[in-house]
Structure formats: structure tokens, C-alpha cells
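Trainee: I have the sequence and the coordinates open side by side. Could we go through them together?
Mentor: Gladly, here they are.
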Amino acid sequence: LARRSAAAGFLAALALIVAGCGGGDDGTLKVGYFPNITHGPAILAKEEGILARVLEGEKVEWVRFLSGPEAITAVLAGTIDATYTGPGPVITAASHAPGQITVLAGAAHAGAVMVARPGSGIRSVADLAGKRVAVPSFGNTQDLTLRDDLAGVGLRATTQGGTVRVVPVENQELQAALENDVIDAAVAPEPWGSRLLDAEAAELVLDADQIMGGNYPTTVLVAGADLLRDRPDLARALVSANAEAVALAAKNPELVGQRFNEIVVAGGGNPLKDEILRSAIARTLPNTSVPPDSIERMIAAAEAAGYLRNTVRPADVLP
Amino acid sequence: VTTDAPPVQIADPTSNRAVGAARRLALLAARRLWFIALILGAWVLVTQAGWVPAFRLPGPADVWSSIADGFSDGVWFDAMLNTMRLLVQGWAIGVAAAVVVGVVTGEIGWLEDGIRPVVAGLQSVPTIAFLPLAIIWFGFGETAILAITIFGTFKPMLITTYSAVHQISPTLLQAGRTLGARGMFFQRTLLLPAIVPALVLGLKLSWSFAWRALMAAEIIVSGSAGLGGVLELGRQIYAIDVVIGVIVLIMVIGIVFEQVVFGRLERWVNRRWGLVGAT
């Protein structure tokens, strides 16, 4: 009898553990963002309480991510409802999980630079032939703009039969990778680009306005299919909070830097120097638009890289 | 005495040998494949019925076409070659180092007493936990992956070598020493041959540990040219069919090595060392 009750107790404990694993969906709106200057409007929507105010009492939880694929995977898995991310991961998601991710609005344009290791001899995109170039991850926005730049001078990545080796390196590893001669160049979103230049770990090859003419979205706000189906009111609230945050970021760029540094310090990091913040913010343009021609070029780059399974039309990635 | 006679066939109405052989083969295939068929059936059912959306679990046909695509443009084949090259290199170096260290120190009590607990303790630390160290020491690239594979191989192989050394019959050791075997001669002619059958187990074990260490390292050092790199690319662009395809491919390679390479090695060692009688 004792053995039987012990077994029953064990099963009951297991059942409790399993029940505890079922995520409690308490109606909180979960929104992802990156601690980057390119996510300035997201940072203001969070830190200035813009989204919380627009939601009028609905609960919101902000979730921090370091890369687009992670954030989009979290939306696809239903862990979060919406996220700020680059258009690159949205394009690959539109191909592999059609209809699951919807772009609500743009948040920022440009905001990335191409830099090279001092002494690498790289002065222009054409010099990248035979070199190793870092991007944050495969299929992300910087990866796609790099491939677009390469195509512009007749170069291709090694995986497309060319000579340029594209290597995914996380932003925080870039400086070590450049200093240890693991990579020759990088396309880095802000503030990482300005940090590398300030530390003299890299030299500028293309400034923010020289990549796709600076007229491309670097951050967009997207929502998962479940949110749009079940709570379209929350999606509308996200759009209006985003518009307000973008306007505030454009009007008051210093505030973006201030709030960004507060986030960094709260996370145990060192605040960025004013010069770095200023140049990072100057390279990033808050903007709710998503220029269709830039999306077309990114889709073409993703297609050529072999990232796409199902055809993606610009309309799939536009708000 | 070897005999070629087939086993006695009970209740076999046809005395035709070919039919009997075909039936045995079919039976063997059924025994080996029923579970795979069951999994495939459930997979088709779940995906066809639409219970799980395709972006979370693509169907077997999608996975098959991504494997076929990957091989048709040569990318997966190159990745497989790269992975196998690193695996064989890392495993061979790890095994050689472990056997040398194990044989040399296993015979000297105080050396083994010092080394063994440390290695046993390290065994409980997942090899991949050392990857950040390997990256800092050897750079963000292939050398770090190779170092992790060697280390992943070394630990289980050293423990197996120690056990093998201690399992040698004391009578054999005594006989060798009485006959005057000493030092390198003793190790080369008596110790090493005596531990070979026990080492085969270590070879299999360390091979699977090497695989795990290598795959984990390839996935983390993203942009690596091996199968782990292909898997990580699939993750980054949400191509779950690619992720599952690579997993299936790794399983197939594992089955081939387990059944063909190690199976043969084991049978050969067993025969050569007289561990199985003639049938």
C-alpha cells in the first residue's frame, strides 16, 4: 500500500510540474525590442511609458532580444505577440512561415555602417573581394544590404559562387573579431558601428547614408498572426504608440541617447560616451515609412542568397 | 567446425531455399523498420491533418526535398565532408592522446590517482562549456571546434583506457613480468594487445561524444562550414525543414557508422582475440 501511495504521490507531483509548464496567457501584451540605437523609438515607447498609456490599462511586458531571428522565432512560437526587428528576418519569415508575421509600421531608417579592420586595405565595397565580412546573422537586414552592395559592384558571397565570405558574428563580439583578425570588415548596426570607429578598431568604408542611399528601413514593428486575429485593438494601439514614439525620437534625439544609456546601465553595462551616442543617433533616422523599393532590393538579395523557399512579394512585407 | 547449413526450418511448407531466404530477409527488414514506419506515419498524419502548422513542423516530403535540394547544389555534401573531416581528425587525436596517457599513467599508481579524479570530474562538465575558452585561445573558427572535439573524445576514452588497463588478468601481467617484460616492451607486447577488446567499447563511446561536442561547437561558432553551420543557418532563416533534414542526415550517418564501421571492428577484434568461438 505504501508503495502504491508513493507512486500516486510521484504521479501527482509530475502532473503538477507538467501543469506548471503550460504558459499562463494572462492577456499581457508581450513586445520584443533590441537594446540598440536603431531601436530608439521602441526604447522611447517603453521607457517614456508611451505604449502603456496608449494601451489604457492593458498590461504590457517588454522582452529584450539581441538578434532578429531570435525575436521572430519568439513571435512564431507564440512566446511574444509583437516585436521591433529589422525587415531582413521578416522577409525570410514571410517565405518560410507565410502569413504568420505582419509588418505594422516602420520605426527607423539607415542606422548601420560598413567598417573595415585598419590595415585590411579595404576602402570601398569593391575591395571586399576575397575578404571576410561580418553581419549580425544570416538573413538579417545588414546581411541583405551587404549582399545588395556586393551585387552593385559585381561581387558575390562564397555561398553564391563568389569570393566574399559572409560570417555571422554577434555585435558584441565584433571588436574582438576585428582585433584578432577573424574578420576583415563588418556591417554593424548602431551604436556598434560608432563604438568600433571610436575605439579605432575599425575604419569607415560606407557611412549610413551610403548603404541603399540611407533610404531603407532598419527597424520595423511586426505582429504575429494570433495578435492580429484575436486582439486587433492591441495591434492598433501598437501602431499609434509607435507613431508617437517615432515622432518623439525625431524631435528629441538626446532623449533616445539618455534612455538608451539608462537601459545599458540598468543591465550592468557601462554607459556610452556622448560622442558615440551622438554619431550613432545622427546615423539613425526615426521614420514610420517602409520604402517599397528598398524592400524589393532586400527580397532580391535574400532570393539570390538562397534564403527563400516560397516567393515573397513586397506586399507581404509592407505595412 | 564451420558449417554452411541453414538453421532448421520449422513448419516451412516450401522447402525452396530461395523463398525461405527472401522471407527471412523480409522479416528482418520488418523487425528493423517497423518503428521508423510508425514515426513516418504519425508524422504524415499530424502534418496532413493540419494539427501543427507547417512552419512549426514541415511534412516528411518537405524535409526530403530540402535534403535533396541541399545535396543537388553540393552545399550539404561539402558540409558533410567538412564535418566528417573534423570529426575523424578530432576523434583520432583524442583517442591517440587518451590511450597513450591512459597506458602510461595507468601503470603508475600515483600518476593515475592524481589524474583520474580530475578527468572523471571533467566528464560531468558538458564539453561545450569549454567552447568560450577554446574560442579565446584558438580564435573564432575551425581550430576551436577541433579542440572541443578532441577534448570531447579524450575524456571518455581515457576513463575507458584506465578501466581496460585494470581489467587485464593479473596472471597475465605476472606471467609477462616473470618472463622479463619491462618498460616499453611490456606495454607494447603485453599491455596494449591485452586492452584492445575493452578499448573498442571506448572507441564507440568516444565517437558519440565527439559527435555531440562537434555538432554543438559547429552550431555555436556559426558560419562554420559543417553540418552544424547548415543547421544554424536553417534556424536563422526559420527553415525548419532544413533543421530537421540535418538532424535526419546526422542520424543516418550515425546508424551507418554504428552498424557498419564499429560493428565490423567489433566482430574483427572479437575474432582476432579469440573472444568468440567458431560457429
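This is a predicted model: local features need pLDDT of at least 70, side-chain atom pairs count only at pLDDT 80 or more; totals for chains, interfaces and linings use all residues.
Trainee: How many bridges join β4 to β10(A), and which way do they run?
Mentor: Strand β4 of chain A, residues 101-110, is joined to β10(A) by seven bridges, and the two run antiparallel. Strand β3 of chain A, residues 82-85, also pairs with β10(A) in the antiparallel sense, over four bridges, and there Thr83(A) is opposite Val222(A).
Trainee: And how many residues of strand β10 in chain A are buried?
Mentor: Eight of its eight residues, 217-224, are buried, so far as relative accessible area under 20% is the criterion.
Trainee: Which residue of chain B has a positive phi without being a glycine?
Mentor: Tyr238(B) is one, with phi near 60°. Tyr238(B) belongs to the loop between α9 (227-236) and α10 of chain B, and with a relative accessible area of 5% it is buried.
Trainee: Changing topic, what is the strand order in the open sheet of five strands?
Mentor: In chain A the order is β7-β6-β8-β5-β9, and the pairing is mixed. The edges are β7 (165-168) and β9 (203-206), each of which pairs on one side only, and the twist from one strand to the next averages 30°.
Trainee: How many bridges hold β5 to β8 there?
Mentor: Five bridges join β5 (residues 112-116) to β8 (residues 185-189) of chain A, and these strands run antiparallel. As one example, the bridge partner of Ala112(A) is Pro189(A) in β8(A).
Trainee: Where is the cis peptide bond that joins a Glu and a Pro?
Mentor: The cis bond joins Glu190(A) and Pro191(A), with omega about 15°. Pro191(A) sits in the loop between β8 and α8 (192-198) of chain A.
Trainee: Is helix α2 of chain A mostly covered or mostly uncovered?
Mentor: Mostly covered, since six of the eight residues in α2 (40-47) are buried, that is, under 20% relative accessible area. Among them are Pro41(A), Ile43(A) and Leu44(A), and just after the helix Gly49(A) takes a positive phi of about 70°.
Trainee: Over to chain B, which residues form the nonpolar patch on its surface?
Mentor: The patch consists of Val248(B), Val252(B), Val256(B), Val260(B) and Val261(B), which together have about 340 Å² of accessible area. Of these, Val252(B) lies in helix α10 (residues 240-272) of chain B and is partly exposed, because its relative accessible area is 43%.

How values were computed
Residues are numbered from 1 along each chain as its sequence is written. Chains are lettered from A and ligands numbered from 1 in the order in which they are written. Side-chain values use heavy atoms; hydrogens and water are left out. Two strands pair if DSSP finds at least two bridges between them. Axes are lines fitted to C-alpha atoms, for helices over the stretch in contact, and angles run from 0 to 180 degrees between N-to-C directions. Patches are made of residues with over 30% relative accessible area and no salt bridge: like charges are joined within 9 Å, nonpolar side chains (Val, Leu, Ile, Met, Phe, Trp, Tyr) within 5 Å. Accessible areas come from the Shrake-Rupley method with a 1.4 Å probe; for residues, only the protein chains shown count as cover. A salt bridge is a side-chain nitrogen of Lys or Arg within 4 Å of a carboxyl oxygen of Asp or Glu. Buried means under 20% relative accessible area, exposed over 50%, partly exposed in between (1.4 Å probe, protein chains only).
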